[in-house]
Amino acid sequence: MSGNLNEVLNKLREELSSLASFIDKTRQGIDNLETTVKIGSERFPEASNQLSAVTGELENAANKIMTILEGLMSEQERADAVLKRLSEWAARSGAAGLEEGQTLINDLQAVNIKTRSEMMDIFASMSFQDLTGQKLKKVIGSLAVVEKKLLEMALSFGLEGIDIKDAAGTGAGKNEMPINQDIVDRLLKELGA
Amino acid sequence: MLDQNMKILVVDDFSTMRRIIRNILREIGYNNVDEADDGSTALEKLKSSKFDFVVTDWNMPNMPGIELLKAIRQDEVLKNTPVLMVTAEAAKENVVTAVAAGVNNYIVKPFTAAALKDRIDIILQKVNA
């Protein structure tokens, strides 16, 4: 009878020991989670600020490139005007080798037209700044959502030293299926626009 | 009467994008261009001065392009102003929404000068027909 009781007590002791060990591990886990939440709460605003700074830097860089491009295009307009005058002058002068000279002028004008068209392509490509900016804005929005959740967790843990501020995000982008210009054009036609 | 002298309002919250569109418009022959950085500023400009054409972005603070479009279509004076949506919102539902709201055409960023010219020409042909 007492043998059975000892067996039960030993079993109970083992169970209690195992339970204590489990509680201790869980407590350590929560301690680690608190540290993670605290670090996350501090780092997320920094990440958002860095991304906002990237958007600003991209805008500055794009504006600098466009200022250079506008300068080049202005010079090109001047070159085009000079070539036209040169062509007119050559025609009036009736100089020997006029035909060859006119061919050279035509070649230069063709180069001018091609480079101008390529400059416009560079201009249009600068819209990368707007597109990346919009994507970064969505990422910043997502970070704000995660940050808010972390702050709520931090609040529930009663962590100190964290500024609880309104971190409501603008939200990540909708789950939308992107389409290209050809599909847009077909859609517009179908819709009668 | 819509022609190369028509007054165009470019609406976009990114200054770089407004600059790009302004330069492309200039290149294709439209020099009479003004700018606004969101829908509400654009609406004020449209109500205080005569514009012949609007090129607007979709995603903007305060008043997005789609709301600007709806406001234009609801205004007795402005309702016939051609509107071209220039946007990164390349989703089918966006196009459908824009058409339902009365957009004249829709161009997806990034685009070329030729693509912008094509869309403007298509709108002007329809408006002048």
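Trainee: In what order do the five strands of the open sheet in chain B run, and is the pairing parallel or antiparallel?

Mentor: This is a predicted model. Strands of a sheet pair through backbone hydrogen bonds, in either a parallel or an antiparallel manner. In chain B the order is β2-β1-β3-β4-β5, and the pairing is parallel.

Trainee: Which strands stand at the edges?

Mentor: β2 (33-36) and β5 of chain B; each has a single partner strand, so one side of each lacks a neighbour in the sheet. From one strand to the next, the twist averages 20°.

Trainee: How many bridges join β1 to β3 in chain B?

Mentor: Four bridges link β1 (residues 8-11) of chain B with β3 (residues 53-56) of chain B, and the two run parallel.

Trainee: Which strands does helix α3 of chain B touch?

Mentor: Helix α3 (residues 65-74) of chain B packs on the sheet and touches β1, β3 and β4 of chain B. The direction of this helix makes about 175° with that of β4(B).

Trainee: How should I read the two sides of a helix?

Mentor: An α-helix has 3.6 residues a turn, so residues three or four places apart point the same way. Take α5 (residues 113-128) of chain B: its 16 residues reach 22 Å from first C-alpha to last, close to the 22 Å expected at 1.5 Å a residue. Within α5(B), the residues B:A113, B:L116, B:R119 and B:I120 are buried. They cover an arc of only 135° around the axis, which places them on the same side of α5(B). The face turned away from that buried side carries the exposed residues B:D121, B:Q125 and B:K126.

Trainee: What do the buried residues of α5(B) pack against?

Mentor: Against α1 (15-27), β4 (83-87) and β5 (105-108) of chain B, together with α2 of chain A.

Trainee: What does the secondary structure of chain A come to?

Mentor: Four helices and zero strands. Of its 193 residues, 13% count as buried. Among contacts in chain A between residues at least 6 apart in sequence, 79% join residues at least 24 apart.

Note on methods:
Residues are numbered from 1 along each chain as its sequence is written. Chains are lettered from A and ligands numbered from 1 in the order in which they are written. This is a predicted model: local features need pLDDT of at least 70, side-chain atom pairs count only at pLDDT 80 or more; totals for chains, interfaces and linings use all residues. The expected span of a helix is 1.5 Å times one less than its number of residues. A residue is buried if 20 or more other C-beta atoms lie within 10 Å of its own, exposed if 12 or fewer, and partly exposed in between; C-beta atoms are placed from the backbone. The arc is that of the directions from the helix axis to the C-beta atoms. Two residues are in contact if their C-beta atoms, placed from the backbone, lie within 7 Å. Two strands pair if DSSP finds at least two bridges between them. Axes are lines fitted to C-alpha atoms, for helices over the stretch in contact, and angles run from 0 to 180 degrees between N-to-C directions.
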